[in-house]
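I set down here, entry by entry, what I looked up in this structure.

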Amino acid sequence: MENTKTNYSRRAFLRSSALAGGGLMISFSALAKFSPADKGIDVPDQWYELTGYIKITPDNIIKIYNPNPEFGQNVMTSLPMIVAEELDIDWSKVIVEMGPHDNVKLGPQFTGGSNSVRMYWKPLREAGAAARNMLMQAAAQSWNVPVEELTTKAGMIYHEKSGKSGTYGSFASKAAGLAIPKGIKLKDVKTFTIARSSKKNVEGSKIVSGKPLFGLDYKHEGMQIAMIHHPPAFGMKLKSFDASETLKMPGIKDVFNLKLYDDGYEQAGFDTRTFNDLLVVVGRSTWEVINARRKLIVQWETISETKETVNGFGGKQVVTIPAGLESTETQIQKMQERAKEPAKVLRKDGDPETAFKNAALVIERTYTAPFLAHNCMEPLNFFAHVTDDKALVVGNHQAPGWIEPTLSKVLGLPPDKIEIQMTRMGGGFGQRAYGHAVTEAALISKKIKAPVKLIYTREDDMTYGIHRPMYTATYRAALDANKNLVAFHVKGGGLPEHPIHANRFPAGTVDNYLAEGWELPTNITIGAFRAPRSNFNAAAEQSFLDEVAEAMGKDPIDLRLELLKRGKENPVGKNNEYDADRYAGVLKLVKEKSGWGKPENKKYNRGVAAYFCHNSYAAHVVDMVKKDGQPYVERVFSAMDCGIVVNPDAATNMVQGAVVDGIGNAFYGGLMHKDGVPVQNNFNRYRMIRIHEAPKKIEVHFVQNDIDPTGLGEPPFPPVFGAVANALYKTEGKRFYQQPFKNPQVNNNRNA
Amino acid sequence: MITLNINKKTYNVDVDPETPLLWVLRDVINLVGTKYGCGVAQCGACVVHLNGEAVRSCVTKVSRAVGQKVVTIEGLSENNDHPLQKAWLEVDVAQCGYCQSGQIMSAAVLLRENKNPTDKDIDAAMAGNLCRCGTYLRIRDAIKLAADIQRKG
């Protein structure tokens with residue numbers, strides 16, 4: 001345990017907590033991820049705390065806490081860089097640690113919605129600037145000089161007139177006793193030297209040497225291993241079981257069933273559950289539990305229709321979970337029938353009905369996409385140790401602050417008796433925003449009165465729910481006799497939610513516009529998947545626009561730029577979500593960087609797409625060729641506008657990854673059902689993109705501006721699908737409307 | 001009791017000989033750098049070296065490792081200084097990082113057999129390792145950089 005000194009009480013902190021994340025850390029329960037010893041520094045036993053994010057020793061060792069869960073978006077590096085920038089220290093000497101879960105001290109601590117850098121940008125700059133100011137005040141007092149005469153550089157304070165200088169560490173004790181100042185002037189972003197320049201992943205050396213970083217790696221004395229034996233199909237539940245053979249297997253401690261939520265439990269928005277009656281096997285080791293679970297003799301039965309009360313961000317609603325064993329064919333059929341019925345109008349501009357009636361040409365196309373599994377490389381797992389009066393849970397979760405109230409309710413413990421420690425996540429993509437694995441682990445621990453690690457096998461992880469919904473959308477465009485686009489209509493639906501973002505491009509650029517949505521219930525549990533809804537919309541809308549441009553005889557980039565010009569100069573309707581200039585900006589940048597229209601690129605089948613989501617703008621040009629008779633994306637040019645880029649090389653990595661992910665899901669991704677059973681249950685059946693299918697080159701360009709940062713994890717992903725679809729048209733000579741484009745196993749040979 | 005030689009150390013473990021090496025490494029010996037990803041030899045997160053050859057430890061019975069030399073990511077180098085580890089850091093390959101120890105272990109066999117691998121060689125050798133984050137381009141770059149480092153000694 002570290003010894004942290006501070007003169008402040010928690011009460012005092014709370015008074016000054018207008019500075020988001022300011023405050024004190026009385027104790028630090030460490031995962032001990034970045035001990036100073038790793039950097040060859042003797043472990044100091046005395047830390048002084050300056051705001052909740054920063055600790056300094058008298059020897060000038062500086063530690064910064066990353067507040068937000070890390071799932072590969074590199075916040076462990078980029079968020080501390082923001083603090084270090086304003087604090088003015090030597091980045092190479094900083095120790096970075098994952099912060100504890102404490103939403104009062106460390107802000108929202110939520111990874112999702114491409115929000116990490118966006119929401120922490122200002123609080124972290126303020127924290128760094130405030131701490132620097134406290135150190136300068138302490139120095140000014142010690143030297144008896146005006147604070148205005150002091151300067152800092154790389155962890156040192158200087159008083160030029162007297163020639164005095166000292167380390168931050170030498171003033172840390174005094175500074176820790178000062179009030180946290182508010183309203184300190186922040187640096188000019190143009191002068192940044194740490195942020196906006198590429199820094200290596202602070203956990204890199206641990207990753208390449210196999211150190212325990214992930215939830216699955218976490219160990220605890222006396223820890224048991226648990227697995228849940230779930231129904232083989234959606235729409236089924238546990239009827240009865242015989243565990244006699246299982247209990248005879250070596251290493252097995254217990255088999256029991258328990259309820260995830262009590263009857264009438266009001267679910268929070270991220271409390272998604274797939275199966276409420278859990279059949280649990282507990283034992284000594286993972287392999288023994290895997291084996292013993294196979295020996296269970298279980299009777300399953302079909303469910304009846306149920307209603308669940310969900311009190312999420314959108315308010316309280318009752319959700320119907322229908323009975324039945326769903327199959328992909330019947331899902332498609334149900335959706336096709338529903339699509340013919342009237343839908344809810346989400347936005348209407350002008351008089352689209354008349355415009356379509358009077359059109360010289362109407363183009364109508366229908367797009368579909370299947371359920372997807374997240375397939376994080378680290379299957380779901382969580383550690384829990386619940387006793388009568390407290391709970392410790394450790395693992396990989398995107399939003400500890402969302403799961404805490406749920407744990408409090410189901411365990412009957414006050415929130416301050418629940419400690420959540422965040423490990424690195426082996427991927428998230430939305431899956432780990434949901435709390436069921438945490439809650440399940442906690443309930444199992446409570447039941448067996450022992451520390452336990454709940455482990456999902458790959459099959460459990462892939463088939464147990466929280467999938468990207470199944471979507472469809474029909475797009476219509478009306479052209480007049482002069483081939484002008486006069487009306488645009490989208491009607492989209494899905495199981496169990498529609499995908500439509502009604503106020504996004506091309507809304508605002510067409511006089512007559514109609515967006516509609518419909519929804520059908522399903523018992524397949526769904527959840528957020530990298531760029532929810534956008535990940536379907538961008539594919540459908542951006543390949544539809546390509547077809548419209550062709551019908552109009554226009555270059556696809558030119559058509560978009562013309563529409564955006566209209567959207568800027570004379571926007572149609574209200575509530576247009578996007579900035580037409582920034583949207584056009586990424587198109588212009590990708591046009592230039594890809595050499596769009598240049599003869600030397602003629603050998604490629606080129607597809608372009610652009611999209612706006614999570615407050616950022618993305619455009620891609622995809623260059624496709626045939627390799628071994630199959631379409632292959634050889635090169636990609638990407639243009640991004642996410643405002644200021646904190647860590648450019650890491651940001652480039654993320655965009656490259658999103659492009660690869662997009663190509664893979666566009667070509668191959670899909671989870672089918674047969675009588676409620678997921679057809680794909682491991683990587684031998686669920687096709688994922690592999691290295692030989694990845695492009696040779698992905699060139700990423702960022703629009704250079706000084707706008708506060710917006711999202712980056714999600715925005716580059718959705719338009720990849722559209723660009724791939726458009727390049728595929730050039731390659732194969734026909735349009736592809738059903739995702740995945742090149743996986744006949746999923747798509748019933750419709751595209752093959 | 002089964003006797004194993006892992007990373008030049010001897011371990012005596014009391015496990016069913018049918019147990020996959022992966023779970024012996026992770027659960028019994030506490031070497032957790034070798035990852036569980038699929039359990040069916042499809043993702044490569046669990047690759048270790050058995051007498052220098054890459055094997056999927058998730059489908060390799062521990063009995064098969066008896067009398068053999070097992071090397072895991074923890075034993076790939078003394079000081080985290082294998083050319084691949086250096087190159088992985090230089091290129092900053094990882095996103096979530098979960099698959100990377102398996103990637104490196106697969107790449108290590110390639111690099112031993114082929115001092116100057118082309119993209120095509122790399123694609124062929126690494127096609128058994130999944131990366132959900134999509135870091136494949138950087139994996140190629142890092143392997144080529146490691147080959148450079150190896151050549152220059």
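**Entry 1: a helix pair in chain B**

I began with α3(B) and α4(B), whose axes come within 10 Å and cross at roughly 125°. Axes are lines fitted to C-alpha atoms, for helices over the stretch in contact, and angles run from 0 to 180 degrees between N-to-C directions. Helices (H or I, at least four residues) and strands (E, at least two) are DSSP runs, numbered from the N terminus. α3(B) and α4(B) are therefore oblique to each other; angles under 35 degrees count as roughly parallel, over 145 as roughly antiparallel, 65 to 115 as roughly perpendicular and the rest as oblique. I noted the crossing of α3(B) and α4(B) as right-handed. A crossing is right-handed if the near helix is turned clockwise from the far one by less than a right angle, and left-handed if anticlockwise.

I then listed the residues that meet: Q103(B), S106(B), A107(B) and L110(B) from α3(B), and I122(B), A125(B) and M126(B) from α4(B). Contact here requires C-beta atoms, placed from the backbone, to lie within 7 Å. Ala, Val, Leu, Ile, Met, Phe, Trp, Tyr, Cys and Pro count as nonpolar, Asp, Glu, Lys and Arg as charged, and the others, Gly among them, as polar.

**Entry 2: the model and its numbering**

I note that this is a predicted model, in which local features need pLDDT of at least 70 and side-chain atom pairs count only at pLDDT 80 or more, while totals for chains, interfaces and linings use all residues. Residues are numbered from 1 along each chain as its sequence is written, and chains are lettered from A and ligands numbered from 1 in the order in which they are written. For chain B I found an average pLDDT of 97, with 100% of the residues scoring at least 70; pLDDT is the predictor's confidence in each residue, from 0 to 100. The predictor gives the complex an ipTM of 0.99 and a pTM of 0.95.

**Entry 3: the domains of chain B**

Chain B is divided into domain 1 (2–75) and domain 2 (83–152), with bounds from an automatic or database domain assignment. The centres of these two domains of chain B, taken over C-alpha atoms, are separated by 21 Å. I found 14 residues of domain 1 of chain B in contact with 11 residues of domain 2 of chain B. On the domain 1 side, β3 (47–50) and β4 (53–56) of chain B are the elements that give two or more residues. The largest share of that side, three residues, comes from β3(B).

**Entry 4: where the chains touch**

I looked next at the two chains together: 47 residues of chain B are in contact with 51 residues of chain A. On the side of chain B, the largest share, four residues, comes from α5(B). That side divides into 23 nonpolar, 16 polar and eight charged residues.

**Entry 5: a helix pair in chain A**

Lastly, I examined α11 (residues 400–411) and α12 (residues 436–448) of chain A, which pack at an angle of about 30° with their axes 10 Å apart. That makes α11(A) roughly parallel to α12(A). The crossing of α11(A) and α12(A) is right-handed. Among the residues making this contact I noted I403(A) and L407(A) of α11(A), and A442(A) and L443(A) of α12(A).
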